[in-house]
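Hello,

Here is the structure I promised to pass on to you. My notes follow just after it, and I would be glad to hear what you make of them.

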Amino acid sequence: ETVHHIFEPFFTTKGIGRGTGLGLATVYGIVRNHGGHIICDSRVGRGTTFTIFLPALADAGRLEATTPEDVGDIRGGRETILLVDDERPILEIGEEILGQYGYSILTASSGEEALEIYEREGPRIDLVILDLSMPGMGGHKCLKELRSVDSRVRVIIATGYSARSLFDKTVQSEIQGFINKPYSLFGLLELVREVLDAA
């Protein structure tokens, strides 16, 4: 019964506030974004095996490394961004990279903390980058609460689950951008600038 739900983005067997499990929705999103498939075989008393199938490269000899220069010039800015994610490494890397491009970064590791920061610092926050899959309040509820505090809040949703159909039309109308995790840092920088410039 559990295996049938393991790739759903908000499914967990853990209690409230005890984490979100293995993040298999993120794994599923990564595999599907690369044109692959993932299969789970789990048997009581014998363990669990995940098998991942990825397409073979047609011509591996022609594969070239991508460097930051290939992305083109990416502009930074001086705006303040609230980065919300329950994974500490993502917060640290995001803070470092966005900071290198001139942005002031505030971080929150939960929806509750994000709401507290926004209620205190809202007037100086230009953009919120919000993870959907978090324990506790979660991204959907956090988005709703943020908009109740400030209906003009600008939000980019980040999620490891690839299907945008997860978001109903109401949610889609309340955000300014969407990016799949794991995202390229340059893709994030470009989207951040695009959303800020559109304001």
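In the second largest pocket, α2 contributes the most to the lining, with 4 residues. Helices here are DSSP runs of H or I with at least four residues, strands are E runs of at least two, and both are numbered from the N terminus. α1 (24-33) and α2 (88-100) each supply at least two lining residues. Among the lining residues are Thr26, Ile30, Pro89, Ile93, Lys181 and Tyr183.

A pocket is an open set of points on a 1 Å grid over the protein atoms alone, where a 1.4 Å probe fits, with protein on both sides within 12 Å along at least five of seven lines; lining residues have an atom within 4 Å of a point. This one holds about 210 Å³ of space, counted as the space filled by probe spheres set on the points, which are joined across faces, edges and corners.

Please keep in mind that this is a predicted model: local features need pLDDT of at least 70, side-chain atom pairs count only at pLDDT 80 or more, and totals for chains, interfaces and linings use all residues. Residues are numbered from 1 along each chain as its sequence is written, and side-chain values use heavy atoms, without hydrogens and water.

As for the whole protein chain, there are 6 helices and 7 strands, running α-β-β-β-α-β-α-β-α-β-α-β-α from the N terminus. Of its 199 residues, 38% are buried (under 20% relative accessible area, with a 1.4 Å probe and protein chains only).

Best wishes

Notes:
Buried < 20%, exposed > 50% of the residue type's maximum accessible area, 1.4 Å probe, protein only.
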